[in-house]
Amino acid sequence: MLLKAFVLISTVLLLMSLGFSVLGSTPLLILKHDVAMDSRVIRQVFHYCYRLIAVMATAATIAFALAGRPLLSVCLGCMAVLALVLHHVMLTRMDVLRTTMHDGDTTAISRFRKLHVTGIALNLSQLGALTWGMTQVAL
């Protein structure tokens, strides 16, 4: 019974983390991205969201492994690794763009905005895939 609770709680927390990342970063699209504080806030939101997703996906991986669900455990482990990879790639690219965009480089601002939208789309696709996957299995 305790193991099923661990599985359920870790899955719900992962879904909430992904939902927070999508819902928390989408309103930031209204920012013009031309002020240093705007890009720093957006970067920090992605930083914490990817870290949170990685931790929650790791917890869900362990929970499903202990429950004897190896396929789900591997899938959620891949989600944790993907969150770490996205953290590195997205934040590295954001940092590179942030160095030039505040000097009035409109190309860098446009690329930063596209990167922001791409991050939201990737998080939304992860949320959709996890939601669909959880509807296909019984906990």
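This is a predicted model: local features need pLDDT of at least 70, side-chain atom pairs count only at pLDDT 80 or more; totals for chains, interfaces and linings use all residues.
Numbering starts from 1 along each chain as its sequence is written. Local features need pLDDT of at least 70, side-chain atom pairs count only at pLDDT 80 or more, totals for chains, interfaces and linings use all residues, and side-chain values use heavy atoms, leaving out hydrogens and water.

Colleague: Which pattern does the chain follow along the sequence?
Modeller: Helices are DSSP runs of H or I with at least four residues, and strands are runs of E with at least two, numbered from the N terminus. The chain has 4 helices and 0 strands. Read in order, the pattern is α-α-α-α.

Colleague: Is T11 buried or exposed?
Modeller: T11 is found in helix α1, residues 2–25. Buried means under 20% relative accessible area, exposed over 50%, partly exposed in between (1.4 Å probe, protein chains only). The relative accessible area of T11 is 5%, so T11 is buried.

Colleague: Which residues does T11 touch, not counting those up to four places away in sequence?
Modeller: Contact means heavy atoms within 4.5 Å. Residues up to four places away in sequence are left out here. That gives F64 and M134.

Colleague: What share of the contacts with a separation of 6 or more comes from residues 24 or more positions apart?
Modeller: The chain has 139 residues. Contacts with a separation of 6 or more are taken as the total. Residues 24 or more positions apart account for 77%.

Colleague: What box do the C-alpha atoms fill?
Modeller: The box is taken along the principal axes. Its dimensions are roughly 55 × 20 × 20 Å.
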